[in-house]
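Welcome! Please take a moment to open the sequence and the 3D view, and we will walk through a few places together.

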Amino acid sequence: MVSQARKSELLFSGSDWDFAKLSRAYEEIEAIGKEELRLDIYPVQMEVISSEQMLDAYSSVGMPLMYRHWSFGKRFLYDELLYRKGARGLAYELVINSNPCIVYLMEENTMALQALVTAHAALGHNHFFKNNHLFRQWTDAGGILSYLDFAKSYIARCEERHGLAAVEAIVDSAHALMEQGVFRYHRPPKLSSEQQREGLRERLEYEERSYNDLWRTLPPSHEADKTGTRGDGVAERKKSLNLPEENLLYFLEKNSLVLEPWQREIVRIVRVIAQYFYPQRQTQVMNEGCATFVHYTIMNTLFDRGRISEGAMLEILRNHSNVVFQPAFDDPRFSGINPYALGLDMMQDIQRMSTEPTAEDRDWFPDIAGRGDWRDTLLDAWANHRDESFIRQYLSPTLIRKWRLFVLADGADEPHYEVASIHNERGYSKIRSALAQSYDVGASRPDVQVVDVDLLGDRHLRLQHNVKNGILLEDESRDATLRHIRTLWGYDVSLAAIDTETGAMLSERSTKEL
């Protein structure tokens, strides 16, 4: 039974919430996050939305502003069907990597759950977005909302001027290439300011007025042919085009001879959005682990200080347990490793090693074992790692044993799997390395690059797929993607599959054959 004195200290009582309670809870949660965990966050903008609005946010990849496209409507209807039939629940919250950080809360949540997801999203995810080096390097949190507003209005104007079908064809082809439309190894350009975008609008309108399709029909000059198509001209041509180029959308945007100015800008819009989401694919374990560790720590601190009741804490722990539940490999519900569970366990393990290390911990982690200040270690990890490097650096033998991890060797020419490494002294390093490698986005995504094109000749665009471990692209998906590339390029496109180890050509496919 909660005493009358303690009731007066509670942030809230009962399950109903109102905006005054939300504000009071946020202020307390923010104070604990900054004082106890040393979190550094963007200003927060919280909005309460309905289940219908949450489904709408799902369909438009979680962004508050988005242009129209048929795929978003298809996704909405699919998610709504599953939700109405009870086959899938909705997220308790949604958070946007922006400045200010936008946090959507479901109106159906109880007050205890609102407090939990506030700590999770408004503090945990927010800190990670602001401080992790991938988000700082690859995204522009301060410019994304105004850019999306520009993108939405620009594409709407294109639909009015050029017709829905024409715009849809360009967006379809650009969407098909989003996976290959990101910079992986060098910094993308910053989003332009409002003033620069206004200048861009004026420039595009001028180009559209002065654009003459006849220029593309002119044959190449003989002088250009002598200097640009033979011998050293091939090397010079590649150098001038910065080939090979990993970002297919960027190359098509800059070099396609058939795209009109408005089409080129739409390709750029899709490319910018693809780049914005790229760090999130690389940091799912760390991002969700950070947010879960933060909400778990803050909620327990609130309870210890007498700011939430036993009943509210039980509800919070029940929801927390649902989030970090990890089914066994032979459980029908198993779909892989739960990033919430793995991330939280690794971060709590760092906390344990910092304060109560074993002799094994001191051997494996001499820099952090017994150091005492686990906050510095976590803040450094959250700022400077992605999933692959975080696991490679911090996964301990203790956690490998707890999770009962092992490595299966799957040889294509072997009829059976082989257990190559188990959780013992010889297997720890191999297991850690294999798990880390599985989270390397660069290793799991097809490596397709533009390697050559003769702009003064037949304009045949040549792509190369660098094949790893003999894994080729699926035929139907490859052919469909080549058609989309040809739509944006306007001329024939070919894709050669090259083995990265031997350099042998494994296959070649051209749009001439489609």
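This is a predicted model: local features need pLDDT of at least 70, side-chain atom pairs count only at pLDDT 80 or more; totals for chains, interfaces and linings use all residues.

Now for the aromatic rings. Two rings are paired if their centres lie within 6.5 Å, and a pair is called edge-to-face if the planes are over 60 degrees apart. How many aromatic pairs does this rule give? The count is 13 aromatic pairs. One of them joins phenylalanine 128 and phenylalanine 135: the ring centres are 5.9 Å apart and the planes meet at 75°, so this pair is edge-to-face. Both partners are buried, because phenylalanine 128 has a relative accessible area of 0% and phenylalanine 135 has one of 2%. Phe128 and Phe135 also belong to one aromatic cluster, together with Phe129.

Tryptophan 364 and tyrosine 428 come back here as another pair. Their ring centres are 5.9 Å apart and their planes are at 80°, so this pair is edge-to-face as well. Where do the two residues sit? Tryptophan 364 is in helix α17, which covers residues 359–364, and tyrosine 428 is in helix α21, so the pair ties together parts that lie 64 residues apart in sequence.

Helix α21 leads us on to an open space in the model. The second largest pocket has a volume of about 840 Å³. It is lined by 23 residues, and those closest to its centre are Ile337, Trp403, Arg404, Leu405 and Phe406. Which elements each supply at least two residues of this lining? They are α16 (339–355), α20 (397–403), β4 (407–409) and α21 (428–438). Of the elements, α21 gives the most, with 5 residues. By residue type, the lining of the second largest pocket holds 16 nonpolar, 4 polar and 3 charged residues.

Arginine 404 is found in the loop between α20 and β4. Its backbone has a positive phi of about 55°, although arginine 404 is not a glycine. With a relative accessible area of 64%, arginine 404 is exposed.

You can find arginine 38 in the loop between α2 (19–36) and β1 (44–49). Its relative accessibility is 37%, so arginine 38 counts as partly exposed.

Our last stop is the backbone at two prolines. The peptide bond from asparagine 99 to proline 100 is cis, with omega near 5°. Proline 100 belongs to the loop between β2 (93–96) and β3 (101–106). The bond from leucine 243 to proline 244 is cis too, again with omega near 5°.

Key. Residues are numbered from 1 along each chain as its sequence is written. Side-chain values use heavy atoms; hydrogens and water are left out. On a 1 Å grid over the protein atoms alone, a cavity is a set of points where a 1.4 Å probe fits but cannot get out, and a pocket is an open set with protein on both sides within 12 Å along at least five of seven lines; lining residues have an atom within 4 Å of a point. Grid points are joined across faces, edges and corners, and a volume is the space filled by probe spheres set on the points. Helices (H or I, at least four residues) and strands (E, at least two) are DSSP runs, numbered from the N terminus. Ala, Val, Leu, Ile, Met, Phe, Trp, Tyr, Cys and Pro count as nonpolar, Asp, Glu, Lys and Arg as charged, and the others, Gly among them, as polar. Buried means under 20% relative accessible area, exposed over 50%, partly exposed in between (1.4 Å probe, protein chains only). Rings of Phe, Tyr and Trp (its six-membered ring) pair if their centres lie within 6.5 Å; planes under 30 degrees apart count as stacked, over 60 as edge-to-face and the rest as tilted.
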